[in-house]
Amino acid sequence: MDNDDFKKSNDFLIILLFAVLGAIGVIVSGIFGIIIIAAEAVIATAIKRNQLIQQKKKIEELTVEDDEPEVVVKNDIPVPYAVIDGEFNLIGCNEEFYQLMGLKCFKDLNIKEKIPEYNEHLNNQIVSLNDRQYRIYSSHAELTDGSIANSLCFMDVTELTTLRKSLENDKTVVGLIYIDNYDEVIESVDDSVIPMLTAIVDRKLTAMVHDAKGILKKTEKDRYFFCIAAEELTKLQKNKFEILNEIREITIGEHIPVTLSIGIGIGEASLEAAMKSAKAAIDLALGRGGDQALIKNGEKYIFYGGKSGEVSHNARIRARVKADALSELITESEKVFVMGHKIPDSDCFGSAIGIYRISKALNKDCHIIIDEVPTIISKTVSKFTAGTDYEGLIIDSQTAWQDLTENTLLVILDTHINSRVESVDVLNKATKVVVFDHHRKSTDFIDKAVMVYHEPYASSTSELITEMIQYIGEKVKIKPLEADALLAGITVDTQNFSMKTGTITFEAAAYLKRCGADGIRVRKLLQEDMSVFRARAAAAANAEMIADGMYLSICPSDYGNSAVTAAQAADELLDVEGVKASFVLCDDRNTIFVSARSLGEVNVQVILEKIGGGGHQTISGAQFKNTNIEAVKELVKEAVQQYIEEAN
Ligand SMILES: [Mn+2]
């Protein structure tokens with residue numbers, strides 16, 4: 001029954017009641033009855049009038065409004081719907097929209113004021129209103145007067161967004177933790193404290209994972225596996241993996257610091273994919289020298305830590321295994337091509353000579369690919385090319401590209417980055433590739449290599465190759481000139497046995513000495529031009545401090561190979577008291593080079609990675625084209641500033 005019908009029948013009942021009462025009154029007493037009827041009439045009229053007033057009030061409530069909507073919106077749309085003009089003023093809406101905005105009736109209202117996050121340029125934008133999320137679908141409409149209006153439809157997507165968020169947060173993150181230097185630490189401590197030390201490491205790791213509401217499993221004496229929710233990972237990221245420092249600071253008696261590498265994969269599709277990412281991340285973390293955490297999220301890598309010096313590692317077993325593998329590969333190949341990085345240096349050439357000697361010992365032809373011999377190695381190279389003993393030792397990349405067959409082994413030395421090799425074309429054509437490098441791993445690595453010996457703990461590639469030669473054994477007989485070249489490589493990369501020099505470095509040098517290397521001859525090979533010496537002195541003279549202990553300088557570039565001179569100038573600045581890191585810029589044939597060096601406290605790799613460079617934590621570089629030296633100087637300064645802010 002309708003409301004009105006109900007009222008009508010009500011009225012009818014009241015009148016009927018009075019009529020009955022009236023009739024009774026007439027019957028009971030004549031005059032009294034008439035009075036009753038009169039009274040009844042008065043009451044009935046009063047009731048009726050009251051009802052009318054009520055009804056009128058209701059109508060007034062509906063019609064008395066501040067404004068009139070310009071557009072009448074039908075009430076058959078079940079979600080909040082509004083029409084706004086070009087200035088975002090409300091010109092029409094439905095009942096649901098009133099409710100959403102907490103309105104009783106149509107009012108002048110500006111959408112931008114009411115919903116500050118509303119952006120007319122975004123379609124399907126999600127905004128929050130009254131603690132709920134609404135997706136706004138908008139479409140243009142033309143009004144009868146020709147003006148353009150926008151109609152907005154508000155879909156409640158609160159459930160959807162909370163669900164999506166919780167799915168994102170509940171994504172499982174798989175992590176691997178390796179202790180970088182377990183054996184070395186154990187060797188360096190007293191037996192009695194080993195259980196305590198391992199217990200402390202275990203406890204700290206357990207606490208970290210426990211705080212993150214995850215699970216940790218120790219898989220080997222120095223390896224752990226953990227699972228946490230993605231939400232918890234952001235907390236670990238926020239404190240920049242403080243666990244790395246906590247572990248490094250553990251001291252039980254005297255021992256070398258324990259360092260960790262953490263590799264984390266975020267599960268996109270499956271746990272299997274997450275585990276694969278975690279493995280790739282830990283490999284890269286170890287390749288970069290350990291003592292750091294690395295997250296692989298899809299194609300993206302995020303790095304944390306890596307502040308301590310590079311940790312020495314038991315490389316001997318690996319060297320032996322790799323030596324066997326290399327002999328095998330050379331033996332089954334028809335010939336060997338060797339290639340270093342662009343502008344090959346003493347380390348490139350020395351290690352190339354080492355590979356040449358190994359190949360010859362295995363009765364294979366070997367050629368070194370160099371397109372243009374840079375001045376820094378020209379003296380060494382000319383010693384080889386002067387006589388007839390090394391005929392055809394050096395070939396250019398074009399010849400190499402033509403002569404390269406499926407049976408040619410291509411050995412890449414002193415770099416592992418695709419774009420850094422002397423000839424990318426030769427690398428692309430090669431099918432059998434081996435990489436030897438000592439630079440910290442970068443993301444653009446040569447992934448088609450059949451064998452990679454990547455050892456960031458080694459001082460130089462020449463050291464790696466010298467070590468391998470010793471394992472290959474008696475049949476490799478190094479000549480004094482070749483030993484000089486290898487020793488020159490080690491000398492330059494270690495800056496006269498001061499940087500990154502480990503016991504293996506000295507052992508390699510001792511072996512080379514036994515093969516006839518001579519320190520004075522090497523020093524002469526490395527002697528330089530007076531002009532180069534002057535340029536370096538000028539770079540030192542104009543060094544300016546850009547941050548605490550960090551110096552920047554510009555190297556003059558009106559002679560020979562200024563990129564190399566700039567690198568040397570950066571090295572030399574480290575000899576000056578108070579210098580923790582140095583950045584030397586130079587303009588070499590329209591390419592701006594940045595050479596950065598550090599004594600270890602400042603991670604120059606992290607700084608230069610911000611501007612597209614890379615390298616080691618103590619030795620890094622970057623290159624820029626189509627710009628000028630002043631612009632690059634500003635970039636470096638900004639990167640340094642950013643680094644300092646992040647460190648704090
Ligand atoms: Mn090197």
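Tutor: Let us start with α16. Helix α16 covers residues 461-472, which is 12 residues, and spans 16 Å from its first C-alpha to its last, close to the 16 Å expected at 1.5 Å a residue. The expected span is 1.5 Å times one less than the number of residues. Helices are DSSP runs (H or I, at least four residues) and strands are E runs of at least two, numbered from the N terminus. This is a predicted model, in which local features need pLDDT of at least 70, side-chain atom pairs count only at pLDDT 80 or more, and totals for chains, interfaces and linings use all residues. Residues are numbered from 1 along each chain as its sequence is written.

Student: How many residues of α16 are buried?

Tutor: A residue is buried if 20 or more other C-beta atoms, placed from the backbone, lie within 10 Å of its own, exposed if 12 or fewer, and partly exposed in between. Nine of the 12 residues of α16 are buried, among them L464, I465 and M468. After α16 comes G473, with a positive phi near 105°.

Student: Which residues of α20 are buried?

Tutor: An α-helix has 3.6 residues a turn, so residues three or four places apart point the same way. In α20, V532, A535, R536 and A539 are buried. Seen down the axis of α20, these residues fall within an arc of 100° (taken from the directions from the axis to the C-beta atoms), so they line one face of the helix. M530, A537 and A541 are exposed on the face turned away from the buried side of α20.
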